[in-house]
Amino acid sequence: MNATASDLLGSEAASAGKEPRTARGRRTLRLILDAAAEEFGAKGFHEGSISGITRRAGVALGSFYTYFDSKDDVFRALVRDMSEQVREHVAPAIKGATGGQIAAEQAALLAFIRFARQHKEIYRIIDEAEFVDPESFRMHYATTAERIAKRLQAAAARGEVREDVGEVHAWAIMGMNVFLGLRYSVWQEDVDPEAIADTVAQMLARGIGTGR
């Protein structure tokens, strides 16, 4: 799952005390995380293995233990990494949208569906996190909803959406996006992403817009 974060891995990407200190180390860590996404996406957490990850990454077993203590640790890091990659992919679309907050949410959904079509494994991995690492699972959704709530509240202050938008609206939008991605990215790709995002934008305009 190569992304713009390849050389910008945060301090929490590796196990505590094993953070890479060089550009080469960060690249190796990126290879391991990308390989872990492939391994766990294909086999699931319990069937996936450290040796499978290192084979996919093309690195020695010792390189894995340079950065991670266990399979649990790399899975935990992967969930955080995937969450961050979604944010990095969607944020520019939101920033570049014109026409107010409804247009921004439309752009966000469009970007997410396109991302999910390229990275279908994210659904299996995030779903397994509920049982393998509940804290990371909860954090993934909580932080996503928090970002949506903040931008909705900022839009309300600008008069672009209803004044009473809040946490419930944010979780509703996130939940809608998650299941639209599941249906139209993972299960089938039988509807154009633009048509999906346009339909949702019309629904949001009637639900939280100011021109109802």
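User: Which residues is Asn-177 in contact with, leaving aside its neighbours within four places in sequence?

Analyst: In this predicted model, Asn-177 is in contact with Leu-109, Phe-112 and Tyr-123, where contact means heavy atoms within 4.5 Å. Residues are numbered from 1 along each chain as its sequence is written, local features need pLDDT of at least 70, side-chain atom pairs count only at pLDDT 80 or more, and totals for chains, interfaces and linings use all residues. Side-chain values use heavy atoms, with hydrogens and water left out.

User: Why is Asn-177 called buried?

Analyst: Its relative accessible area is 11%. Buried means under 20%, exposed over 50%, and partly exposed in between (1.4 Å probe, protein chains only); Asn-177 therefore counts as buried.

User: What makes H4 and H7 roughly parallel?

Analyst: Helix H4 (residues 71–96) and helix H7 (residues 134–157) pack at an angle of about 20°. Angles under 35 degrees count as roughly parallel, over 145 as roughly antiparallel, 65 to 115 as roughly perpendicular and the rest as oblique. The two helices are therefore roughly parallel to each other. Arg-76 and Val-79 of H4 are among the residues that make the contact, as are Ser-136 and His-140 of H7.

User: Which residues touch the most other members of the largest nonpolar core?

Analyst: They are Phe-40, Phe-68 and Val-74, in a core of 66 residues. A nonpolar core is a set of buried Ala, Val, Leu, Ile, Met, Phe, Trp, Tyr and Cys residues joined through side-chain atoms within 4.5 Å. Helix H5 (residues 101–118) gives the largest share, 10 residues.

Terms used
Axes fitted to C-alpha atoms, helices over the stretch in contact; angles between N-to-C directions. Helix = DSSP H or I, 4+ residues; strand = E, 2+ residues; numbered from the N terminus.
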